[in-house]
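Welcome to the tour! Open your viewer, switch to the cartoon display, and select each piece as we reach it.

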Amino acid sequence: MTATALKDLEITDLRVAFDGFTAVDGAALRVGPGDLRFLIGPNGAGKTTLVDAVTGLAKATGTVRFGPHDLLGRPVHRIARLGIGRTFQTATVFENLSVLANLDIAAGAARRPHTLLRRRRGVPEEIEHALETTGLAAARDRQAGVLSHGQKQWLEIGMLLVQNVQLLLLDEPVAGMSHEEREQTGQLLRRIGQDRTIVVIEHDMDFVRTFATSVTVLHAGRVLSEGTVAQVRADPRVQEVYLGETGAPAGADREA
Ligand SMILES: Nc1ncnc2c1ncn2[C@@H]1O[C@H](COP(=O)(O)OP(=O)(O)OP(=O)(O)O)[C@@H](O)[C@H]1O
Ligand SMILES: [Mg+2]
């Protein structure tokens, strides 16, 4: 198996319980490379918990496979080493370090210490590539702390790219972004999603409509509906769940 082998994420009967409360209750999901899958659902539906389970942060039962690998029960770092990465709603970059240094540290997690940036001449190819892909090339020497909210999210995505992540799980990446940043983020996800598997948790239905190739609706820890944006919007069960919520995805009270 090569590091760039295309792989499916396949989840079956996933369950996560916290002190008797079942946050994920038998969820099942299959996402393949080239798909830009959006995971939507009301607050508390279990979206973040599902990602926590896939990445080893939450103890779960059921099965989670990525390509040939069973993920459940593996520690976080071993799951990361299989090419699986996630972002959090609050970007977790090193604010005092430059964009370049952040990328170098991320890349360093996948290589030996003696190749750290200060001992090398020039910038490694994968870092140069990530700078270009994320649109951060001109900001490479800026402190991460002074970047815009959008740029920080892109940096975090870049930090996954330099680790050659093949499965990206992004938790509300465009929350708090300007309209233009959202658009740029969508284009970025399209670019990197061509040969990777991407799952995006999102509440912003304009963003979902524009960029999702498929949507899974989670409700009370279970998959309520799945399909294209149009299909899930037309699903009466989805409309029912979202009735009265602002930003209703099904447009229950509007036309599609
Ligand atoms: N560590 C925890 N301990 C106890 N309950 C938790 C824990 N983490 C999450 N929960 C509960 O599990 C349920 C699902 O939470 P989760 O964060 O996965 O929802 P979500 O779909 O991501 O919601 P949101 O859209 O608000 O981010 C919620 O009821 C939440 O309160
Ligand atoms: Mg969440």
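Two strands pair if DSSP finds at least two bridges between them. Helices (H or I, at least four residues) and strands (E, at least two) are DSSP runs, numbered from the N terminus. You are looking at a predicted model, where local features need pLDDT of at least 70, side-chain atom pairs count only at pLDDT 80 or more, and totals for chains, interfaces and linings use all residues. Residues are numbered from 1 along each chain as its sequence is written, while chains are lettered from A and ligands numbered from 1 in the order in which they are written.

**Stop 1: strand β8**

Select residues 197–201, which form β8. Is this strand enclosed or open to the outside? Five of its five residues are buried, so β8 is largely enclosed by the rest of the structure. A residue is buried if 20 or more other C-beta atoms, placed from the backbone, lie within 10 Å of its own. Look at both faces: T197, V199 and I201 are buried on one side, and I198 and V200 on the other.

**Stop 2: the neighbours of β8**

Click on F38: its bridge partner in β8 is V200. Next, show β7 (residues 167–171), paired with β8 in the parallel sense over five bridges. Here L167 has T197 as its bridge partner in β8. Follow the chain from β7 through α6 to β8 and you trace a right-handed β-α-β crossover; with the strands pointing away from you, the path from the first strand over the helix to the second runs clockwise.

**Stop 3: the whole sheet**

Zoom out to see an open sheet of six strands with mixed pairing, in the order β6-β7-β8-β3-β9-β10. Because β6 (84–87) and β10 (222–227) stand at the edges with a single partner strand each, one side of each is left without a neighbour in the sheet.

**Stop 4: two helices**

Finally, select α5 (residues 149–161) and α6 (residues 179–193), which pack at about 10° with their axes 10 Å apart. Axes are lines fitted to C-alpha atoms, for helices over the stretch in contact, and angles run from 0 to 180 degrees between N-to-C directions. The two helices are therefore roughly parallel, a label for angles under 35 degrees.

Terms used
Parallel < 35°, antiparallel > 145°, perpendicular 65-115°, else oblique. Buried ≥ 20, exposed ≤ 12 C-beta atoms within 10 Å, placed from the backbone.
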